[in-house]
Amino acid sequence: MDLVIGIDIGGTKTKIGLVDEHGECYEKTFFRTKEYPNLDNFLDKIKSTVDELLENFGDDANIIGCGIGAPNASSKNGTIESASNLAWKGSVPLVKLLKQRFDMPIRIMNDASAAALGEMLFGGAKAMTDFIVITLGTGFGAGIVANGQLIDGYDGFAGELGHVDMTIGDGRLTGLGVKGGLEAYVSATGLKRTVMYMQSKYLVDSRFRDIAYNDLHGEDITQAAEEGDEIALKAFDYTARIMAQALANFTAFTQPEAFILMGGLTNSGKWIMTPLEKYFNGFLLDVYKGKVKLLHSSMEGKTAAICGAAALIWENEKKKQL
């Protein structure tokens, strides 16, 4: 069986799996990225983990390549460039170093752009030629497809929409130090910060008045919204309004058929989606109203990032068949 190694490098976890041409993920696993601050040790851990997955799968695996999704990754240079949530700073020649351990084609790409390829090959965007994937985790990522082609950019860094300056309120800093940047408001981290902001603005009772910032989790905010907590509801509404304005602005770039949303913040369900849908069409130019869909990713959350990474290789294979 032809398989691709899919690797998703995140600030918290590195996820690895074996993916077939239909996006079926086999023998997936993960390890904690932060436990390997030394780059060589991290790469050795990837090698040993892949070897273990292949041993578990058996003799029927024909590995045709390795795809990697990572923050601040340049597909053109094969590098990770100064990722704020990774221990290795500067320009990291990841593809070059991994090729010393794997004798196979290896591609790397920004994780959100890889997710867009995954949606196009394996997910809900199979029939679309124009869409934008939005990843809402610790930060805010975007993968843009227009006219059936991924917009990768001159140097492989297109789609850094989370660092667009929205000049909002107190001008929070993003992970790359952009004051007022979008991801500082619209992300799991941004939602937590908004809860604290709402507590200072409104003197209403809330379960969050007894919870420290570092002890606060997205699931807590969703649960509080379910219970009618006014601070939680205001935080979701504030977040959704900013996100709706940003997505309406992005619509003018490429006029996508849909925004496909994935990541931790989307797990809040109606508490983020209902106000987002309410505000979104109001911000759109008249020519776009009613034409742009807001969709959840159809890919299983645990394997979407792995399959997206593997799509980097499978996309090339499909091009060879044309």
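In this predicted model, the crossing of helices α5 and α6 is left-handed. Two packed helices are described by the angle between their axes and the distance between the axes. For the pair considered here, helix α5, spanning residues 218–226, and helix α6, spanning residues 230–254, have axes that come within 7 Å and that cross at roughly 115 degrees. Helix α5 is therefore roughly perpendicular to α6, since angles from 65 to 115 degrees are counted in that class. On the side of α5, the contact is made by I221, T222, A224 and A225, while α6 contributes A232, L233 and F236.

Strand β1 pairs with two strands, β4 and β2. With β4, formed by residues 62–70, the pairing is in the parallel sense and extends over seven bridges, and within β4 it is N62 that stands opposite D2. With β2, formed by residues 13–19, strand β1 runs antiparallel, and the two are joined by six bridges; here T14 of β2 is found opposite I9. Strands β1 and β2 together form a hairpin, in which three residues lie between them.

Technical notes. Residues numbered from 1 in each chain as written. Predicted model: local features only at pLDDT ≥ 70, side-chain atom pairs only at ≥ 80, totals over all residues. Heavy atoms only, no water. Axes fitted to C-alpha atoms, helices over the stretch in contact; angles between N-to-C directions. Helix = DSSP H or I, 4+ residues; strand = E, 2+ residues; numbered from the N terminus. Parallel < 35°, antiparallel > 145°, perpendicular 65-115°, else oblique. Left-handed = near helix turned anticlockwise from the far one by under 90°. Contact = heavy atoms within 4.5 Å. Pairing = 2+ DSSP bridges.
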